[in-house]
Amino acid sequence: MSHGLPEELFSPKSVAIAGASSNVDSPGHDYVRSLVDAGYGGPIFPINPRASEIAGLPAYASLSDVPGDVDLVISCIPADGVLELIEQGARKRVKVLHLFTGRFSETGDERAAELERRVRERAMAADMRILGPNCMGVFDSMSGLSFRPDLPMARGNVAFISQSGNNSVELMLHGAARGLRFSKVVSYGNALDINEADLLWYLAGDPATEVVGAYIEGTQSGRRLLEALRACAGAKPVVVLKGGRTGAGSRTAASHTAALAGQRQVWSAALRQAGAHEVQTFDELLDLLVMFSFTRPASGVRVGVVGGGGGRAVQSADVCEEAGLEVPRLPERVRLFLREKAPQLAEWVDNPVDQSILAGSGVSGARVLELMMESGAYDMFIANVGEDWVLGRPDAGERLAHLVDRFAEMGRRATAPMAFVLGPADSPDERKWRAVEGARQRLIDARLAVFPSVDRAASALSRAAHRATR
Amino acid sequence: MPAAIIERARAQKRTLLTEIEAKVLLAESGIPVSPARLARTRDEAAAIAAELGFPAVLKVVSAQIAHKSDVGGVELGLTSKDDVGAAFDRIMASAKQHAPDATIDGVAVQRMEKPGTEVIVGVTTDPQFGPVLMFGLGGVLVEVLKDVAFRIIPIEERDARQMIEEIKGYPLLQGYRGQPPADQGALRSLLLKVSAFVEGHPEIAELDLNPVFAYADGAIAVDARIVLHD
């Protein structure tokens, strides 16, 4: 199959949902509701022989009863009805059939696999592309396509493709909490027809997408995937989480999506060769998408760190160096300033800047960071704004908000990548919890890269910077 | 000539090429190998050794004998024609005694190369990505620590450089304790040539150059093994 995907996959002029349901707790209802809530502009046709109305829209007894042609059909019906759906779809000139319908080859059952083969044959004969089976389908913030009513619809620059449906939902929800906004998200399941290589080729040339994430368990054609990855990574950052790297993971992968998971080393080699970033965990995937989404590429690996007390500063230096970054000492220019403003600290303060030394000196951590940014001695910065001493004050919320706003202003102006660290409040005290969450939201609203720990910030900065070594 | 080697193996329903066959194929593609030639008699062995240079190495050649040293089929460090002649007789006698049913084609004669840093270059076929190239340090480092780097074939110059630099044992190739650094240019060139060789011979399923001796100037594959697809 060619990698030219039909435009109707992402911008269909009409959508029908086979197996639409009035049960608000079912996928057949969710798909209708999602399209309505997401503001999809074209006609939506719920199909259900026993309902007259679903989610406020008139329902049709069959696809054949729908007026006019249909571009995209979302199937929530059982597998044994899919061949008939394709026959009706062919007469409606359906361009894309998305099979949420599962229980195909992923079950390991030979009859189900045979049905899958016939579905593929009939769809090809009808010039109909298939997404899935066994997948959530397409999200597109521009055309208002969504596969769950609670997905964040803000238009954005991040695309994500996933062999797993629940990973696509989790990435969107957790990503949105970190400020990510999505262009397109595709859960592609068994990849009977449209596969990861087709999607990567498409995203390589998609003007709405600037950063690409992928969760891939296996591939039918490593060569095509390698070429697609190369094309995509040549155009924009691509971050790949390969599922099923271990023996146990591979067993789950085989039963999950009927894909053969390859050897860990070979996949790592292929990803590296293509210029994609390989990550090992979901957290790393999120962290790198955040990094690429909110910061420009670093020109080197010299990091300036501000924030936290003495022990934290030492640990920050350790994790930065262990992540492959350099932690150069404060440049003379910054020391000159300190000698003037706080002479007793001038030879003591260093990078990472220990906030506790500065306390009461009249020189703030933010001011030192500002000077470090102006000095040209650093390629990237970490601002650790989770301040325990602030949280202990009665006016913690306002103080933290003020501190964060100052840092956020610097982050907005920064040309070098800047990572903000604000961990969870880890406190049963609701007042503290609100203060921290409020501060985090201010940073995220300012479109800044926020990480829960210095370790994760350092790792993401380092990985993003080493892209240039390819 | 190379095509003939593969065709002959196919005709004989073999997937494993002999070391001599493998080395002829590799040498044709410009890959530096220590040449090996077949001797059927004691006199041939002595003459070939004299031509290739001393010290010489002799190895029994038989499609039925996979582990040559187990049957006394390998003799090292032979410094004269007389030495080679005597070693030829010992190998033939020992092989016949330990593997009476094996068809013995003769003995492979090659020069014993001066020792260098041992590295391994290999190719395997991945079910999803096809031919994959491997590089690592030889001996215990590859066997115990699995300190190897992979790339999908074909590779580019940059891939060759990264493969060499990303193994943990890389400092050993940069020179240590007064050892001269290994010729990384020669290793990169070797990797690129093996990649091109396998790309040009899709019949090849597996390939091992183990060991390759890396010197301060140049590198040479001392042993070679090629397995064809079924």
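Which side chains meet in a salt bridge at 2.4 Å, N to O? They belong to R272(A) and E166(B). Keep in mind that this is a predicted model.

**Where the chains meet**

That pair isn't the whole story: the interface of chain A and chain B has two salt bridges. There are also eight residue pairs in polar contact between the chains, both partners at pLDDT 80 or more. On chain A, the elements giving two or more residues to the side that touches chain B are α6 (222–235) and α8 (264–274). Of these, α8(A) supplies the largest share, with seven residues. Sorted by class, this side of chain A has eight nonpolar, nine polar and four charged residues.

Here's the overall tally for the interface:

| Feature | Value |
|---|---|
| Residues from chain A in the contact | 21 residues |
| Residues from chain B in the contact | 17 residues |
| Area buried between chain A and chain B | about 1500 Å² |
| Share of that area on carbon and sulfur atoms | 49% |

**A look at R440(A)**

R440(A) sits in helix α16, which covers residues 430–445 of chain A. Is R440(A) buried or exposed? R440(A) counts as buried because its relative accessible area is 14%, and the cut-off for buried is under 20%.

Leaving aside residues up to four places away in sequence, R440(A) touches L422(A), G423(A), P424(A) and V450(A). As for G81(A), its C-alpha lies 49 Å from that of R440(A), and the two are 359 residues apart in sequence.

Note on methods: Residues numbered from 1 in each chain as written. Chains lettered and ligands numbered in written order. Predicted model: local features only at pLDDT ≥ 70, side-chain atom pairs only at ≥ 80, totals over all residues. Heavy atoms only, no water. Contact = heavy atoms within 4.5 Å. Buried area = accessible area lost by both parts, 1.4 Å probe. Salt bridge = Lys/Arg side-chain N within 4 Å of Asp/Glu carboxyl O. Polar contact = N/O pair within 3.5 Å; in protein donor to acceptor, adjacent residues only side chain to side chain. Helix = DSSP H or I, 4+ residues; strand = E, 2+ residues; numbered from the N terminus. Nonpolar A, V, L, I, M, F, W, Y, C, P; charged D, E, K, R; others polar. Buried < 20%, exposed > 50% of the residue type's maximum accessible area, 1.4 Å probe, protein only.
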